[in-house]
Amino acid sequence: MDTSNYTTSVCAVSAEQGELLASARMLLPVTSGQRGLRQSDALFFHVRQLPLVMEELMEQLHAKGIVPEWVMLGASVRPRPYAASYMPVFQAGTNFITAMAMALGIPAVRTTHQEGHLAAAEYFVPAQGARFVAVHISGGTSDVMLAERTEFGYKIDLVGEGMDLHAGQLVDRIGVRLGLSFPAGPALEQLAATVVRDEQSNLDFTLPSSVQGAKMSFSGPLSAAMRALDGGVPAADVAYAVQMCIATSVAKAVEYCIRHGDSDVREVVIAGGVASNAVIREHVTNRLERRVRNVRVRFAPPEFARDNALGVARIAWRRYTFLRRR
């Protein structure tokens, strides 16, 4: 179970192979024009939605003829794998899973939202080595890391993190300005897609990318985008430029991580809601493949790049198989 900003999600995988059996999730409701939720409101919505996503999960399992016998449960308890990392919303899923585990008399595994994103991506595109460059780009994170897979999750060395706004915040703030629904990623991508079909679009309009080493900054691009909208630049052109700015920034940060962090690592796994954007995925891949020899850039499928509980379930499964072998 994962109760992040802004998705309540639950997933079941098989005990034998850790294969995906069912997955259910629900976005938290955000009033039109707002740029997010207070943590107290988000926590309340998670508590209200947990029975609904569990009901949907059970319906999917029963439709496949599966009557689950739970052997291990897992929840994300904090955003990132650091003691100081904390958000109240994760208490909803943690408390639900803890109570369920005590009732069933089975273990409960605690992991983090970030590790869940990496494990979800690796379910579809497993890194060839244990150590790889990991990127987590979302509304709350712009992390570039060297990650190493372990029996219990990941050992993470942080190389660079967001200096101010995160990539997802840039998307959402521009999206809210344009009257798009929140979170604004899918709607902004659709708007930007009209640029390539409109002969009047100004493809020369760009936003600056601000990267220091592997640390990305998006406050400057946000200000430039707002000024452009005030100056009459078409909304679709700004939306497209936002995507390209994020993609260029991510590619620069990853290139720095490879050249200065661990020159032997050539595997790159990129996850998080922003990584579901098709233009960003293509531009990051193409730029890195041109500039870094033998690099392999991998993304989760768009549906599982966004917040979901698959990776949390997979980490719980890893620990279950480890204990079973002992």
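Colleague: How do you know that the whole structure has zero disulfides?

Modeller: A disulfide is a pair of cysteine sulfur atoms within 2.5 Å, and a search of the whole structure finds zero. Cysteine 245 is in no disulfide, and the nearest cysteine sulfur, that of cysteine 257, is 20 Å away. That 20 Å is too far for a bond. Bear in mind that this is a predicted model, where local features need pLDDT of at least 70, side-chain atom pairs count only at pLDDT 80 or more, and totals for chains, interfaces and linings use all residues. Residues are numbered from 1 along each chain as its sequence is written, and side-chain values use heavy atoms, leaving out hydrogens and water.

Colleague: Why is cysteine 245 called buried?

Modeller: Buried means under 20% relative accessible area (exposed is over 50%, partly exposed in between; 1.4 Å probe, protein chains only). Cysteine 245 has 1%, so the residue counts as buried.

Colleague: And what makes cysteine 257 buried?

Modeller: Its relative accessible area is 0%, so the word applies to cysteine 257 as well. Of the 326 residues of the protein chain, 53% count as buried.

Colleague: How do you know that the radius of gyration agrees with a compact globule?

Modeller: The radius is taken over C-alpha atoms, and the globule rule is 2.2 Å times the number of residues to the power 0.38. With 326 residues the rule gives a value near 20 Å; the protein chain has 20 Å, so the two agree. Along its principal axes, the C-alpha trace spans about 60 × 45 × 40 Å.
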